[in-house]
Amino acid sequence: MSSIKNVYFQNSDNDFYKEIYPFFINLKNSSNKNLSKEDQIYFNEIQEHIVKNNSLPFDFNSQELLYFKKHSQNSWPDYFLFRYKFRKFPKEKIVSDFPIYVLVEPVSTCNIRCTMCFQIDKSFTKKPFMGTMKMDFFKEIIDECYANGTKAITLASRGEPTLHPKLPEMLDYISNKFLEVKLNTNATKLSEKLIRKILETNVNELVYSVDESDKKKYEKIRVGGKFNEVVSNIKNFKKIRDTEFPNSKTTTRISGVLVNEDQDAKVITDFWTQYVDHVVFVKEQNRWDTYNNNPDGVNSPCTYLWERMYVWFDGITNPCDVDYKSQLTMGKLDYSQNNIRKIWTSEFFQSLRKKHLNDERQTIKPCDRCGLTF
């Protein structure tokens, strides 16, 4: 979520911004009695900024604009407050009582082998790293997150979530519990049945991991993926959404990685905007052979430590998925003796944050070579 860069804004989104801006300016005259004491403080900060500057504290990106477009105004203040905290906590290094963003991994396996991905690490694609999350465990995670104020859940991480046989049940269980539910997929297994389930359960963003608009170039990067099948699946999603779910809240995004010099972001964007709501590109990151990469000399703190938490299929928790073998795990989630809150505020996680704040990032592997800068 925080890595959105080079976002393609459609003209309609820019026009829509002009429509929603007055609504948020008018927040300076409103109040919300349902807010917690902590949230009331942040809500007051937003109001004070608006009054003092006659502007919003931040500009909305295309993901946020699409949310506002798809949802009723009743939900706008809560969403705005969440996105405010989503920026504030990492920037000011605030450790919330409970993570507002949690990424849950249904499966760690994947059916293709992308050239820039750790799935080509043969020491990773075997036990104990490969597996599938149990449904009862998934429900426990979702229940804890829902009860403690998490606002955003992503189903994805090291593997391809559509490979989980009970993904439709997961979508049913998570439906309408959070402000944001995001599903990441390579779009190779996007059947009509799954498409309808995604739309029925109001997944608010479906992210396609696709980097090209040219068949040969795509299949060179996403090894094992079939470009024509992926295009067909994505086109079919749009067709079903437009014809059967005209009021759907689900938005679609192409999330591409710039891997090769011959990738033309404009050409790719022009192709995919026929079929999706927005297109995003990020530069390639060192997610393959992370542990043997050279240290990068970066000492600035990684914002992920204050922004999110990952839960693997087996309950192993992690600060990020660059560390795909969990050398920096904060512990294993086990509801007989451990939970997300304890892990989020654990001595180990706090120590990791402190080292990053004290310019000691280069003493931590693989933080010293992950390639992520902010």
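Guide: The account below takes up a surface patch, then a strand residue, then the cysteines. The model is predicted: local features need pLDDT of at least 70, side-chain atom pairs count only at pLDDT 80 or more, and totals for chains, interfaces and linings use all residues. Residues are numbered from 1 along each chain as its sequence is written, and side-chain values use heavy atoms, with hydrogens and water left out.

Asp136, Glu140, Asp143 and Asp334 form a negative surface patch. Asp and Glu count as negative, and a charge is placed at CG of Asp or CD of Glu. Areas come from the Shrake-Rupley method with a 1.4 Å probe.

Glu140 belongs to helix 5, residues 135-147; helices are DSSP runs (H or I) of at least four residues, strands (E) of at least two. At 37% relative accessible area, Glu140 is partly exposed, where buried means under 20%, exposed over 50%, and partly exposed in between.

Lys283, in strand 8 (residues 278-283), is exposed at 67%. Its C-alpha atom is separated by 7.0 Å from that of Val259, 24 residues apart along the chain.

Cys114 is buried at 6%, and its sulfur is 5.8 Å from the closest cysteine sulfur, in Cys117, too far for a bond. A disulfide requires two cysteine sulfur atoms within 2.5 Å, and the count is 0.

Definitions and conventions: Patches are made of residues with over 30% relative accessible area and no salt bridge: like charges are joined within 9 Å, nonpolar side chains (Val, Leu, Ile, Met, Phe, Trp, Tyr) within 5 Å. A salt bridge is a side-chain nitrogen of Lys or Arg within 4 Å of a carboxyl oxygen of Asp or Glu. Buried means under 20% relative accessible area, exposed over 50%, partly exposed in between (1.4 Å probe, protein chains only).
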